[in-house]
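Visitor: I'd like to learn how to read pockets, cavities and helix packing in a model. Could you walk me through some cases?

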Amino acid sequence: MAQHGRIRDLFDEVEQAPPDKVGDAFDRLTRMLSVHETAEEEIVHPYARRKLDNGQGVVADRLTEENRAKRLLLDLHKSGVDHPRFWEGLAALRTAVMAHARSEERYEFARLRAHTSVVARRAMAAAVRAAETLAPVRPHPGTESATRNLVMGAPLAVMDRAREVIRKALGKR
C-alpha cells in the first residue's frame, strides 16, 4: 500500500515537471508501475486466490484493471511525452491506476490483512521485494498471471534493462 502512495507521488512529479524533465519523470513512473504490478501478479494475487472467499473473482477483476492500465501505459510510451495527446493519456492512466489501487486496497489487501498473520504478511512482503528485483521495467500487457510472469518476466526484464543501457549510451531517453 505504501507503493500506491509512491505511485501517486510519481504521477504528481510527472505532472509538475518542467518540460525538459517530463520524460525522466515519466520513465520513473513507468518503472515503478511495471515492477509493482509484476510483483503483485506473481506474489499477492496468487495468494489472494487461495486465501480469500471468491478470491478467483477478486483477482480476475484486478487483473482486468491491470491489463487496461498496462495498455494505456504502453500507448503513452509508444507515442512519447511530446505527443499532443500525452497529457490527456496520462490523465486517463492516472484515473485507471488510482481506481485500481483503491479496489486492491479495499477488496484484496484489506481482506488479506484480515485473513493472514503478521508472519505471513512479512513473508509475502519479502517475496514481493524479491520479485521486484527481477521484474520488467516496461509494461507488457498480456502477462497478468504468475505463470506468465515467471516464464516471461526475467527475459523481458533483461531486455528492458538492456534497452535502457543502450539508450543511455546513445544519449537517448
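Visitor: By class, how many nonpolar, polar and charged residues does the lining of the second largest pocket have?

Guide: First, the ground rules. This is a predicted model, where local features need pLDDT of at least 70, side-chain atom pairs count only at pLDDT 80 or more, and totals for chains, interfaces and linings use all residues. Residues are numbered from 1 along each chain as its sequence is written, and side-chain values use heavy atoms, with hydrogens and water left out.

Guide: On a 1 Å grid over the protein atoms alone, a pocket is an open set of points with protein on both sides within 12 Å along at least five of seven lines, a cavity is a set where a 1.4 Å probe fits but cannot get out, and lining residues have an atom within 4 Å of a point. For classes, Ala, Val, Leu, Ile, Met, Phe, Trp, Tyr, Cys and Pro are nonpolar, Asp, Glu, Lys and Arg are charged, and the others, Gly among them, are polar. Here the pocket lining has nine nonpolar, two polar and five charged residues.

Visitor: Which of the 16 lining residues lie nearest the centre of that pocket?

Guide: Met1, Val44, Phe109, Ala125 and Val128 do. Helix 5 (118-133) is one of the helices that supply at least two residues, and its six residues are the largest share of the lining. Helices here are DSSP runs (H or I, at least four residues), numbered from the N terminus.

Visitor: How much space lies in the second largest pocket, and how much in the second largest cavity?

Guide: A volume is the space filled by probe spheres set on the points, which are joined across faces, edges and corners. The pocket holds about 500 Å³, and the cavity about 40 Å³. Among the residues lining that cavity are His4, His36 and His100; helix 4 gives the largest share, five residues.

Visitor: How do helix 1 and helix 4 cross?

Guide: Axes are lines fitted to C-alpha atoms over the stretch in contact, with angles from 0 to 180 degrees between N-to-C directions. These two axes come within 11 Å and cross at roughly 170°. Over 145 degrees counts as roughly antiparallel, so helix 1 is roughly antiparallel to helix 4. With contact meaning heavy atoms within 4.5 Å, the helix 1 side includes Ile7 and Phe11, and the helix 4 side includes Trp87 and Phe109. By class, that contact has eleven nonpolar, one polar and six charged residues.

Definitions and conventions
Angles under 35 degrees count as roughly parallel, over 145 as roughly antiparallel, 65 to 115 as roughly perpendicular and the rest as oblique.
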